[in-house]
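Thanks for coming, everyone. I'll take you through one model, starting with the strands and ending with the charged side chains. Let me put it on the screen.

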Amino acid sequence: QVQLVESGGGLVQPGGSLRLSCAASGFTFSSYAMSWYRQVPGKQRELVATISSSSSTNYADSVKGRFTISRENVKKTVYLQMISLEPEDTAVYYCKAAKSTPTPISLWGQGTQVTVSS
């Protein structure tokens with residue numbers, strides 16, 4: 001069964017840290033670029049970070065220096081380490097797997113809630 005399952009969300013105080021995980025199954029994980037997105041109610045889903053199949057990374061300006069994306073192909077898992085969290089980071093965080101060849105494919109997880117509040 002093809003699926004992505006996120007975990008690790010929760011409630012954290014401003015300045016705190018969380019690590020999100022996304023476990024993949026049912027497809028060749030190592031061939032896919034993996035991304036984390038986030039969405040706040042009433043707003044568009046925004047790209048937070050991406051790691052390619054060759055492990056090059058890109059980040060949204062709003063999280064540079066605070067978030068780190070990584071992957072473990074053996075475990076078929078991608079991570080998002082988040083430090084110095086701010087209330088503005090509160091959102092549902094989604095994991096996405098994408099590949100452009102030979103056929104474009106995108107897969108999404110169900111999301112995990114991150115709430116940054118005192």
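First, the terms. Two strands pair if DSSP finds at least two bridges between them. The strands themselves (E, at least two residues) are DSSP runs, numbered from the N terminus.

Now the ground rules. This is a predicted model: local features need pLDDT of at least 70, side-chain atom pairs count only at pLDDT 80 or more, and totals for chains, interfaces and linings use all residues. Residues are numbered from 1 along each chain as its sequence is written, and side-chain values use heavy atoms, with hydrogens and water left out.

Start with the sheet. Four strands make an open sheet, ordered β1-β3-β8-β7, with antiparallel pairing. β1 and β7 (67–72) are the edge strands, each pairing on one side only. From one strand to the next, the twist averages 15 degrees. For that angle, axes are lines fitted to C-alpha atoms, and angles run from 0 to 180 degrees between N-to-C directions.

Look at β3. Six bridges join β3 to strand β8 (residues 77–82). L18 has M82 as its bridge partner in β8. On the β1 side (residues 3–7), five bridges join β1 to β3. There, Q3 stands opposite S25, and L4 stands opposite A24.

Next, the disulfide (a pair of cysteine sulfur atoms within 2.5 Å). A search of the whole structure finds one. C22 and C95 form it, with sulfurs 2.1 Å apart. The S-S torsion is -80 degrees, so the link of C22 and C95 is left-handed. C22 lies in strand β3 (residues 18–25) and C95 in strand β9 (residues 91–99), 73 residues apart. Are these cysteines buried or exposed? C22 is buried at 0% relative accessible area, and C95 is buried at 0% too. Buried means under 20%, exposed over 50%, partly exposed in between (1.4 Å probe, protein chains only).

Last, salt bridges: a side-chain nitrogen of Lys or Arg within 4 Å of a carboxyl oxygen of Asp or Glu. How many does the structure hold? Five. R66 and D89 meet at 2.8 Å, N to O. R66 sits in the loop between β6 (57–59) and β7, D89 in the loop between β8 and β9, 23 residues apart. R66 is buried at 11%, and D89 is buried at 1%. E46 and R38 meet at 2.6 Å. E46 is partly exposed at 34%, whereas R38 is buried at 6%. R38, E46, R66, E86 and D89 are linked in a network of salt bridges. K64 and D61 form a salt bridge at 3.2 Å, and both residues are exposed.
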